[in-house]
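Subject: Structure for you to look at

Hello,

Here is the structure I promised to pass on. Please open it and keep it beside you while you read.

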Amino acid sequence: MITYDTTLTPSEYLSLRESVGWETLSDAQATRGVTHTTFVVTARDDGRAVGMGRVLFDYGYTAYIGDVIIRPDYQRKGIGKRIVEQLIQTVLDAADAGDYLMFILGAAKGKEAFYKQFGFVERPNDSVGAGMTMYLRK
């Protein structure tokens with residue numbers, strides 16, 4: 001049975017990233033990233049992390065969904081949907097009544113349709129320009 005909690009270790013984060021073929025991070029970099037994450041939701045099967053999502057929230061206007069990762073053998077089982085729903089609700093719970101919020105994410109190629117079910121729209125469109133990304137190595 002899949003359970004959900006709000007904890008994630010750096011080693012779990014690294015293992016999940018590796019499971020989907022994402023760029024390898026150092027232990028120190030993963031630790032900093034997990035430590036400074038505002039909210040996290042982790043899906044577990046018998047205690048093992050099989051999926052996670054995390055949000056950076058400024059408690060004002062902007063919430064950035066930085067990672068949603070589901071191990072390939074657990075994909076298409078509703079786990080990612082539940083994680084994103086919980087992340088959005090957690091941000092809403094942390095905001096003040098009446099706050100206007102902007103959720104931002106960078107969908108992995110081919111995953112755009114998944115995020116549309118929550119109300120995310122592709123950019124560019126009639127009201128906003130293209131989203132942009134820059135990767136650097138120091």
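Accessible areas here come from the Shrake-Rupley method with a 1.4 Å probe. By that method, the accessible surface of the protein comes to about 9100 Å². Carbon and sulfur atoms own 51% of that surface. Keep in mind that this is a predicted model.

Overall shape

The protein has 4 helices and 5 strands. From the N terminus on, their order is β-α-α-β-β-β-α-β-α. Along its principal axes, the C-alpha trace spans about 40 × 35 × 30 Å. Buried residues make up 31% of the 138 residues.

Now the contacts. Take those between residues at least 6 apart in sequence: 59% of them join residues at least 24 apart.

And the charges. There are 16 positive and 17 negative side chains. The centres of the two sets lie 6 Å apart.

The cores

In soluble globular proteins, nonpolar side chains tend to be buried together. Which residues touch the most other members of the largest nonpolar core? They are Val55, Phe57, Ile79, Ile83 and Val91, out of 21 residues in that core. Strand 2 (39-45), strand 3 (48-57), strand 4 (62-70) and helix 3 (79-94) each give two or more residues to this core. Helix 3 gives the most, with 6 residues.

Look at valine 55 in particular. Leave out residues up to four places away in sequence, and valine 55 touches Thr37, Thr38, Phe39, Ala63, Tyr64, Ile65, Leu87 and Val91. There is also a second, separate core of 11 residues. Its members include Leu8, Tyr13, Val40 and Met52.

Helix 1

Helix 1 covers residues 10-19. Its buried residues are Glu12, Tyr13, Leu14, Leu16 and Arg17. What do they pack against? Their partners are helix 2 (27-35), strand 2, strand 3 and strand 4. Just after helix 1 comes glycine 21, with a positive phi of about 80 degrees.

Is aspartate 67 buried or exposed? Its relative accessible area is 6%, and buried means under 20%, so aspartate 67 is buried. Aspartate 67 is in strand 4. Setting aside neighbours within four places in sequence, aspartate 67 is in contact with Tyr13, Arg17, Trp22, Met52, Gly53 and Arg54. Two of these names, Tyr13 and Arg17, are buried residues of helix 1. Aspartate 67 and alanine 108 are 41 residues apart along the chain, and their C-alpha atoms are separated by 9.5 Å.

Arginine 48 lies in strand 3. At 41% relative accessibility, arginine 48 counts as partly exposed. Beyond neighbours within four places in sequence, arginine 48 is in contact with Ala43, Arg71 and Tyr74. Along the chain, arginine 48 and isoleucine 2 are 46 residues apart. Their C-alpha atoms are separated by 9.6 Å.

Most residues other than glycine have a negative phi, and most peptide bonds are trans. Check these places against that rule.

- Aspartate 46 is not a glycine, yet has a positive phi of about 55 degrees. Aspartate 46 is found in the loop between strand 2 and strand 3, and is exposed, with a relative accessible area of 80%.
- Tyrosine 59 is not a glycine either, and has a positive phi of about 60 degrees. Its place is in the loop between strand 3 and strand 4.
- The peptide bond from arginine 123 to proline 124 is cis, with omega near 0 degrees. Proline 124 sits in the segment after helix 4.

The segment after helix 4

Helix 4 covers residues 112-116, and arginine 137 is found in the segment after it. At 69% relative accessibility, arginine 137 counts as exposed. How many residues separate arginine 137 and valine 55 in sequence? They are 82 residues apart in sequence, and 22 Å apart in space, C-alpha to C-alpha.

Best wishes

Notes. Residues numbered from 1 in each chain as written. Predicted model: local features only at pLDDT ≥ 70, side-chain atom pairs only at ≥ 80, totals over all residues. Heavy atoms only, no water. Core = buried A, V, L, I, M, F, W, Y, C linked by side-chain atoms within 4.5 Å. Buried < 20%, exposed > 50% of the residue type's maximum accessible area, 1.4 Å probe, protein only. Contact = heavy atoms within 4.5 Å. Lys, Arg positive; Asp, Glu negative; His and termini not counted. Charge placed at Lys NZ, Arg CZ, Asp CG, Glu CD.
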